[in-house]
Amino acid sequence: MWRALAQNKTGYILESLDDQKTKLIANLSTAKLAALNEITLFGLDEDIKLTDVFERMKRAANIPDAKADGKKLREFFREVSPDHDEEKVYASDMKKVISWYQVLKDLPLFNEEEPAAPTPTAEEAPVEEAPVAEEAKPDEAAAQADAETAPAKPKAKAKKPAAKKA
């Protein structure tokens, strides 16, 4: 597990949450990053947010070791996440969730209340915002603005390309 420290042109500068505090740069074109509040578990009706499972784990009497057998893990997950899909959430997933919880439970980030509306200052780089995929060119932006303000027109049928001669 990593914490984003800053963002640069190609990705994020990350710091490990373990005792070693290793730093690395994750390139967005090759690395897949997910914010903690975006991770979900398979549920019977709808997906379950991992942060909700962590909140229930805080109130749990005893949390099994991540290396416990599958039956103990399944029993525990029935307690903290009763509506998880037992066919899709494997023992390896439960071990991962418990090990993540063990890393996060003592961190101040995990114990703080979520701010209502964070407002970054000019000096702070927005770290948790999703990167913009591609910006429109000035000509495209002007055309898009004109299209948004103009009344809707029916779309013309696209012409078929001419058939190739043999």
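Residues are numbered from 1 along each chain as its sequence is written, and side-chain values use heavy atoms, leaving out hydrogens and water. In this predicted model, local features need pLDDT of at least 70 and side-chain atom pairs count only at pLDDT 80 or more, whereas totals for chains, interfaces and linings use all residues.

User: In which helix is confidence lowest in the protein chain?
Analyst: The pLDDT is the predictor's confidence in each residue, from 0 to 100, and the protein chain averages 74. Helices are DSSP runs (H or I, at least four residues), as are strands (E, at least two), numbered from the N terminus. Confidence is highest in strand β5 (residues 48-49), at 95. It is lowest, at a mean of 42, in helix α5 (residues 138-149).

User: How do α1 and α2 lie, roughly parallel or roughly perpendicular?
Analyst: Helix α1 (residues 50-59) and helix α2 (residues 70-80) pack with their axes 9 Å apart, at an angle of about 100°. Angles of 65 to 115 degrees count as roughly perpendicular, under 35 as roughly parallel, over 145 as roughly antiparallel and the rest as oblique. Therefore α1 is, relative to α2, roughly perpendicular.

User: Which element gives the most to the lining of the second largest pocket?
Analyst: At least two lining residues come from each of β4 (40-41) and α3 (91-104). The lining includes K96, V97 and W100. With 4 residues, the element that gives the most is α3.

Conventions. Axes are lines fitted to C-alpha atoms, for helices over the stretch in contact, and angles run from 0 to 180 degrees between N-to-C directions. On a 1 Å grid over the protein atoms alone, a cavity is a set of points where a 1.4 Å probe fits but cannot get out, and a pocket is an open set with protein on both sides within 12 Å along at least five of seven lines; lining residues have an atom within 4 Å of a point.
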